[in-house]
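Please keep the viewer open as you read.

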Amino acid sequence: MKPGSRVLLTVALTVCCIGPAVAEDAPACAGFAWSVARDRAAFTAPDLAGLASGSALPGGTGAAQVSLKPAAEVTLPVQSERTAKPGTFAGFITATVPSAGTYQLTLSEEAWIDVSQDGRTTLKPERISGKAGCPEVRKSLRFALDAGPVTIEIGRAPSQQIKLDLLPAE
């Protein structure tokens, strides 16, 4: 083997084998009830979609950075279980779930989430996990969803931008 080939092979193996381990490198990230490595990777991807409140999630599921509005200026499609706090931000997006199952909804920041599939009532999450100190991820919830449209409402967010990831649970 040529000397230059060894260097290239070493670099390739390092990226291949150690790269995935870095996804859970922060101690707080390991404290979630399930892995948030996919969400952290999606939130730092250079091609992360940007969405305005009221938009549809491209591809039905996946990650996006959502632009929120001052909560006092937002009317959500389904009445939230929590009233808006002054100085916070809110908004909503829609998505299309391809098949029934348990879906993981992960947020980059602290916020209140309401999920509806019938346009009238909100669903209760099956499980919730959150940890302060995990880079890119603050909260992850799991919902039993039917195939079809879903409305995801975000409230009580501390800033105008929040990253959201909707994926089938692993």
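## Ground rules

A polar contact here is a pair of N or O atoms within 3.5 Å; within protein, one must be able to donate a hydrogen and the other to accept it, and residues adjacent in sequence count only if both atoms are side-chain atoms. The model is predicted, with local features needing pLDDT of at least 70 and side-chain atom pairs counting only at pLDDT 80 or more, while totals for chains, interfaces and linings use all residues. Residues are numbered from 1 along each chain as its sequence is written, and side-chain values use heavy atoms, leaving out hydrogens and water.

## Overall layout

The chain has three helices and ten strands (DSSP runs numbered from the N terminus: helices are H or I with at least four residues, strands are E with at least two). Along the sequence the pattern reads α-α-α-β-β-β-β-β-β-β-β-β-β.

Of the 170 residues, 38% are buried (under 20% relative accessible area, with exposed over 50% and partly exposed in between, using a 1.4 Å probe and protein chains only). Among contacts (heavy atoms within 4.5 Å) with a separation of 6 or more, 74% join residues 24 or more positions apart.

Strand β9, residues 148–157, holds Glu 153. This residue counts as buried because its relative accessibility is 2%. A polar atom of the Glu 153 side chain lies 2.7 Å from the backbone nitrogen of Val 78.

Setting aside residues up to four places away in sequence, Glu 153 touches Leu 76, Pro 77, Val 78, Ser 80, Gly 91, Phe 92, Trp 112, Ile 113 and Asp 114. With Gly 91, the sequence gap is 62 residues, yet the C-alpha atoms are 6.0 Å apart.

Asp 165 is in strand β10 and counts as buried because its relative accessibility is 1%. Its side chain has a polar atom 3.3 Å from the backbone nitrogen of Ala 63. Beyond four places in sequence, the contacts of Asp 165 include Arg 38, Asp 39, Ala 42 and Gln 104. Asp 165 and Ala 42 are 123 residues apart in sequence, with 7.6 Å from C-alpha to C-alpha.

Ser 53 sits in the loop between β1 (49–52) and β2. At 19% relative accessibility, Ser 53 also counts as buried. A polar atom of the Ser 53 side chain is 3.0 Å from the backbone nitrogen of Phe 92. Not counting residues up to four places away, Ser 53 touches Ser 67, Gly 91 and Phe 92.

## Nonpolar cores

Which residues have the most contacts inside the largest nonpolar core? They are Leu 105, Ile 113, Leu 145, Val 150, Ile 152, Ile 154 and Leu 166, in a core of 25 residues. (A nonpolar core is a set of buried Ala, Val, Leu, Ile, Met, Phe, Trp, Tyr and Cys residues joined through side-chain atoms within 4.5 Å.) Elements giving two or more residues to this core include β4 (89–97), β6 (112–116) and β9.

Ile 113, leaving aside neighbours within four places in sequence, is in contact with Leu 105, Leu 107, Leu 141, Phe 143, Ile 152, Glu 153 and Ile 154. A second, separate core of eight residues includes Ala 28, Cys 29, Val 36 and Val 137.
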